[in-house]
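Student: Before we go through the labels on this model, please show me the sequence and the structure.

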Amino acid sequence: MEEVWTSRSLVGKRTLSIALKAAPTALPLFIAGETGVGKEVLARSIHRWSTVSSGPFVAVNCSALPGSLAESELFGHLRGAFTGAARSRSGACLEARGGTLFLDEVADLSMDIQPKLLRFLENGEVRPVGSDRVAMSSARVLSATHKPLETLVERGLFREDLYYRLTSVILEIPPLRRRPEDLQDLMEKFASYGFNKSHA
């Protein structure tokens with residue numbers, strides 16, 4: 001069974017309460033928190049609780065996208081659009097159509113890509129690299145980063161309009177030091193993972 005984000009702590013339960021209320025809506029959700037607090041686990045849980053749970057969940061690690069390929073990974077490309085494009089590709093935005101697109105470490109997207117992502121958020125338009133045609137996708141967007149996104153906006157490193165589009169609802173996952181009640185459950189979970197792997 002797929003893992004669901006839970007918490008025994010008061011601060012964690014507050015985050016969970018907001019997530020449960022926001023999950024059935026179509027609003028973009030932004031998940032903030034330090035590295036390792038379970039942002040993708042919470043994103044997958046929100047997808048599971050949403051009205052598009054029967055659709056795909058597509059996760060993209062934006063920090064792992066080379067600058068030259070980020071546009072293709074997100075929006076797709078046509079065959080021959082650039083050197084090495086031996087076949088056409090739909091891209092994450094179209095692959096997530098009818099489901100959820102999770103953009104992890106969204107703060108690492110370049111300023112060149114950000115306006116294209118904003119257009120997708122505004123009206124669902126996706127223009128693959130090398131194409132004159134626009135495709136449409138109804139994917140619900142969740143995003144996350146461990147970086148201070150507001151600070152990046154103030155420094156001109158992240159578009160303000162995109163920031164407001166992504167953060168209709170903000171969920172902040174408290175670090176484990178603020179929710180020690182969860183430590184035992186996490187230790188048992190990690191121990192079971194090790195047991196299962198060693199006996200696979």
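The dialogue below sets values against their definitions.

Tutor: The model is predicted, so local features need pLDDT of at least 70 and side-chain atom pairs pLDDT 80 or more, while totals for chains, interfaces and linings use all residues. Numbering runs from 1 along each chain as its sequence is written, and side-chain values use heavy atoms, without hydrogens and water.

Student: Why is aspartate 182 called buried?

Tutor: Buried means under 20% relative accessible area, exposed over 50%, and partly exposed in between (1.4 Å probe, protein chains only). Aspartate 182 has 4%, so this residue counts as buried. Its place is in the loop between strand 7 and helix 8.

Student: Why is methionine 187 called partly exposed?

Tutor: Its relative accessibility is 49%, so methionine 187 counts as partly exposed. Methionine 187 is found in helix 8 (residues 183-198); helices (H or I, at least four residues) and strands (E, at least two) are DSSP runs numbered from the N terminus.

Student: How do you know that strand 1 and strand 7 pair?

Tutor: Pairing requires that DSSP finds at least two bridges between two strands. Strand 1 (residues 29-32) and strand 7 have 4 bridges, in the parallel sense, and therefore pair. Within this pairing, isoleucine 31 has leucine 171 of strand 7 as its bridge partner.
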